Structure formats: C-alpha cells, structure tokens
Amino acid sequence: MDVVIYHNPACGTSRNTLALIRHVGIEPHVIEYLKTPPSRAMIMGLIERMGVPLRSLLREKDTPFAELGLSDSALTDDQLLNAIDAHPVLLNRPIVVSPLGVKLCRPSEAVLDILPSEGLKPFTKEDGEVVIDAEGQRVR
C-alpha cells in the first residue's frame, strides 16, 4: 500500500501517527513538510479529497496564526494559502494520504481509519496511552 505522511518529527502526534503506519506493516513516504512544503495545488487537492475547507487545516497553536489575523472569516483561500506559503508551520499535521483516503490525523489513531484493519497488534503511544489493546481491538 502506497502511503504518504506530511510529517513534523518535532510533533508527538505526528511521531505517533508515523509509528502506527509502520506498526501495521507499511513503510510510508515521509515528507517533512517544514523542509519541503506542499505546493498550493497539492494543498488544494488534499482538502478536496478530504472534503473539508482549507481553514480546517490551519494550526493555531505555536504559529503566527493570531498575529497574522487568520481568524478573520472574510479571508479567502488564496489569502490563507499566501500565509501558509510564507509560514508552512500554519499547516496542521500530520496529513496522511492512502488509497483508502486522506485525513488530518489528530488524534494520531485517526490514521487507522485509512489503513488496513486486519491483524492489528497491540500499540501504545509515546505517552503510554493504549490505542490497540492486547486483542487487536481499537480502544478509541
């Protein structure tokens, strides 16, 4: 299965998502989006496939979101893309692309919705939270 993750290794949610992908036996194509930001066309294609507005992919925490006035609902997608181009950290992560869908994986276990579900083995996040129990069942 061909899977792509737009990843930030400094982010625990992103690290847990990557670990879950690998845990189910898939080695994804990892794009560190702060080093190699997706193009405007790619971002628009991702939101189209997700069926969500661009605004839903904006990250507020630890970004220049507030100082740039991005909460203004009158801003167009083009203006939001300009902000993301200038500050890629505004793009929330991790975004995962698989043949089963495209998803912003917050929380990290959301990635399981777009990965094969047969034969899951126990998995615990970095912080000790159990995601897949000893019987191979999703806890959340």
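In which loop does Pro94 lie?

**The whole chain**

This is a predicted model, in which local features need pLDDT of at least 70, side-chain atom pairs count only at pLDDT 80 or more, and totals for chains, interfaces and linings use all residues. Residues are numbered from 1 along each chain as its sequence is written, and side-chain values use heavy atoms, with hydrogens and water left out.

Display the protein as a cartoon. Three helices and six strands make up its secondary structure; helices (H or I, at least four residues) and strands (E, at least two) are DSSP runs, numbered from the N terminus. Along the sequence their order is β-α-β-α-α-β-β-β-β. The radius of gyration is 16 Å, close to the 14 Å that the globule rule gives for 140 residues, so the protein is as compact as a globular protein of that length. That radius is taken over C-alpha atoms, and the globule rule is 2.2 Å times the number of residues to the power 0.38. Along the principal axes, the C-alpha atoms fill a box of roughly 50 × 30 × 25 Å.

Of the 140 residues, 44% are buried. Buried means under 20% relative accessible area, exposed over 50%, and partly exposed in between (1.4 Å probe, protein chains only).

**Helix H1 and Thr17**

Select residues 12-23, which form helix H1, and find Thr17 within them. Thr17 is buried, with a relative accessible area of 0%. Leaving aside residues up to four places away in sequence, Thr17 touches Ile5, Pro94, Val96, Cys105, Ser108 and Val111; contact means heavy atoms within 4.5 Å.

**Helix H2**

Next, select residues 40-50, helix H2, where Ile43, Leu46, Ile47 and Met50 are buried. These residues cover an arc of only 95 degrees around the axis, which puts them on the same side of H2. The arc is that of the directions from the helix axis to the C-beta atoms. An α-helix has 3.6 residues a turn, so residues three or four places apart point the same way.

What lies against the buried residues of H2? They pack against strand E1 (4-7), helix H3 (77-86), strand E3 (95-98) and strand E4 (101-104). On the face turned away from the buried side, select the exposed residues Ala41, Glu48 and Arg49. Gly51 follows H2 and has a positive phi, near 75 degrees.

**The loop between H2 and H3**

Move to Asp62, in the loop between H2 and H3. Is Asp62 buried or exposed? Asp62 is exposed, with a relative accessible area of 65%. Although Asp62 is not a glycine, it has a positive phi of about 60 degrees. Select Val89 as well: Asp62 and Val89 are 27 residues apart in sequence and 8.5 Å apart in space, C-alpha to C-alpha.

**Helix H3**

In H3, select Leu80, Leu81, Ala83 and Ile84, which are buried. Seen down the axis, the buried residues of H3 fall within an arc of 155 degrees, so they line one face of the helix. Their cover includes H2.

**Two cis peptide bonds**

Now select Pro94, which lies in the loop between H3 and E3. The peptide bond from Arg93 to Pro94 is cis, with omega near -5 degrees. Pro94 is also among the residues that Thr17 touches.

Finally, select Pro107, in the loop between E4 and strand E5 (123-124). Arg106 and Pro107 are joined by a cis peptide bond with omega about 5 degrees.
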